[in-house]
There are 2 protein chains.
Amino acid sequence: MGEVADREAILDLLGVLAYGELSAFDRMTADARRAPDLLLRAGLAEIAAVEINHYVELAARIRELGGDPVAAMTPFVSAVDTFHRRTEPSTWGEVLVKIVVGDGLAADFYREVAAFVDQDTRHLVEHALADSELSAFAEAGIHALIAAEPSAAARLSLWGRRLVGEAISQTQQVAAERDALAGLIIGGRGGNGGLAGVAAMISRLTDRHLRRMTELGLSN
Amino acid sequence: MGEVADREAILDLLGVLAYGELSAFDRMTADARRAPDLLLRAGLAEIAAVEINHYVELAARIRELGGDPVAAMTPFVSAVDTFHRRTEPSTWGEVLVKIVVGDGLAADFYREVAAFVDQDTRHLVEHALADSELSAFAEAGIHALIAAEPSAAARLSLWGRRLVGEAISQTQQVAAERDALAGLIIGGRGGNGGLAGVAAMISRLTDRHLRRMTELGLSN
């Protein structure tokens, strides 16, 4: 376990997570209108509510640390919005895969950095992780969809690759611009090793993403 | 206090409230994109999350009573959707007034029927009422808006009248079609007095709406 990151890095981390939750909420509620029936629409709305509850907790922690949630989120608005603009789902299946992929990447990213943050922040992050079980809803929907239409699997596999590619590209962008956050990602070692450390983390996240896709039957 | 309504009427009531919350959630999250800054956008998202938490509780109560949430909501989808389609806000001020008006009408309607439902349902309804304090967020926004631009008050007053007019029109439609719910509204008396009882309730709701608009400085 590395040394605990400084306040600036923690605020960066909380800021990017908070804006990630806020925009995931926004997108999911827009996507809910693509749901094929009222039951699925309501299910997706419930998941979206979990995201916003995480947002509330993250914003409260930012205030506890003497930060301002809006100021903490602002540096990450452009990268997160770009990710969503480039990955707008056009079918219900794409909505579901985006939930599983996004939720999985976020949870893995949380785990990567949890060791380097103070204890209160870590508890908050672990709580957010625990709720991520909700992507079970989306997984069940994907299984049902592929069972009904096996040819959908190939299209959704491609979609999964595109999602992770865009996520990586935006993460690299953010890491290059935010030294404090990049330092936290590589465990506070800083220096020239920073970008290499970020690349190693991205490689671990990608491995876990591929494993999840295989489990979903979206492996090729 | 009237006699406790029958199961069919309670399921109708829970169904219309549940779909009301679900669609309020949908609309608010769409409206959040009109927020002038990230702080207000996040504030609106938090309010929307409260609506969806109410939805979850109402759906759980429907299941407890042996009903199915989707079946209970379906008869009310058309009326509620028509209301929202006809009252789509085009400015941030209209978004805020719609929250206050909608929240106020919903809370008053809850109070009207609470006396006639079983105790568990009443507790649930009272809990939903307590959270409605969140419209304080919207009220503060309206006050700030009118202070900055006094001429906005006249336009928003008109908007408030249009909202309540559309709400009344859809409520009458629903009451005419759903005998069980209409019976509950008038306290289980039923018979020919039904529509007159509904009209009397609408008149009380309108009075309280006008009082709220006056308090907001939107009185003419």
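A crossing of two helices is called left-handed if the near helix is turned anticlockwise from the far one by less than a right angle. I keep that convention at the head of these notes, and I also note that the model is a predicted one.

**Entry 1: H1 and H2 within chain B**

The crossing of H1(B) and H2(B) is left-handed. Sorting the residues of the contact of H1(B) with H2(B) by class, I have 17 nonpolar, 3 polar and 5 charged.

**Entry 2: H2 of chain A against H1 of chain B**

I then turned to the pair formed across the two chains, where helix H2 (residues 38–64) of chain A and H1(B) pack at an angle of about 60°, their axes being 11 Å apart. H2(A) and H1(B) are therefore oblique to each other, and H2(A) passes H1(B) in a left-handed crossing. On the side of H2(A) I listed A:Leu38, A:Arg41, A:Ala42, A:Ala45 and A:Ala48, and on the side of H1(B) I listed B:Tyr19, B:Leu22, B:Ser23, B:Phe25 and B:Asp26. By class, the contact of H2(A) with H1(B) comes to 7 nonpolar, 1 polar and 2 charged residues.

**Entry 3: how the two chains are related**

I asked myself by what turn and shift chain B can be laid on chain A. The superposition has an RMSD of 0.0 Å, and it takes a turn of 180° with a shift of 0.0 Å along the axis. The two copies are thus related as by a two-fold rotation axis. I also checked which residue of chain B comes closest to that axis, and it is B:Ala49, whose C-alpha lies at 2.5 Å. Of the interface residues of chain B, 100% are also interface residues in chain A, so the copies meet through the same surface.

**Entry 4: H4 and H6 of chain A**

Within chain A I followed helix H4 (92–114) to helix H6 (residues 135–148), where the axes of H4(A) and H6(A) come within 9 Å and cross at roughly 140°. H4(A) and H6(A) are therefore oblique to each other, and their crossing is left-handed. Among the residues of H4(A) that meet H6(A) I noted A:Trp92, A:Leu96 and A:Val100, and those of H6(A) include A:Phe137, A:Ile142 and A:Leu145. The classes in the contact of H4(A) with H6(A) are 9 nonpolar, 3 polar and 2 charged residues.

Is A:Arg212 buried or exposed? I found A:Arg212 in helix H9 (residues 193–215) of chain A, and A:Arg212 is buried, because its relative accessible area is 18%, which is under the 20% cut-off. Leaving out residues up to four places away in sequence, A:Arg212 touches A:Val100, A:Gly104, A:Leu105 and A:Asp108.

A:Gly217 is in the segment after H9 of chain A, and with a relative accessible area of 41% I recorded A:Gly217 as partly exposed. Beyond its neighbours within four places in sequence, A:Gly217 is in contact with A:Ile146 and A:Ala153.

Lastly I looked up A:Thr91, found in the loop between helix H3 (69–86) and helix H4 (92–114) of chain A. A:Thr91 counts as partly exposed at 37% relative accessibility. Its C-alpha atom is separated by 9.1 Å from that of A:Asp31, 60 residues apart along the chain.

Notes
Residues are numbered from 1 along each chain as its sequence is written. Chains are lettered from A and ligands numbered from 1 in the order in which they are written. This is a predicted model: local features need pLDDT of at least 70, side-chain atom pairs count only at pLDDT 80 or more; totals for chains, interfaces and linings use all residues. Side-chain values use heavy atoms; hydrogens and water are left out. Helices (H or I, at least four residues) and strands (E, at least two) are DSSP runs, numbered from the N terminus. Buried means under 20% relative accessible area, exposed over 50%, partly exposed in between (1.4 Å probe, protein chains only). Contact means heavy atoms within 4.5 Å. Copies are superposed by least squares on the C-alpha atoms of residues with pLDDT of at least 70 in both. Ala, Val, Leu, Ile, Met, Phe, Trp, Tyr, Cys and Pro count as nonpolar, Asp, Glu, Lys and Arg as charged, and the others, Gly among them, as polar. Axes are lines fitted to C-alpha atoms, for helices over the stretch in contact, and angles run from 0 to 180 degrees between N-to-C directions. Angles under 35 degrees count as roughly parallel, over 145 as roughly antiparallel, 65 to 115 as roughly perpendicular and the rest as oblique.
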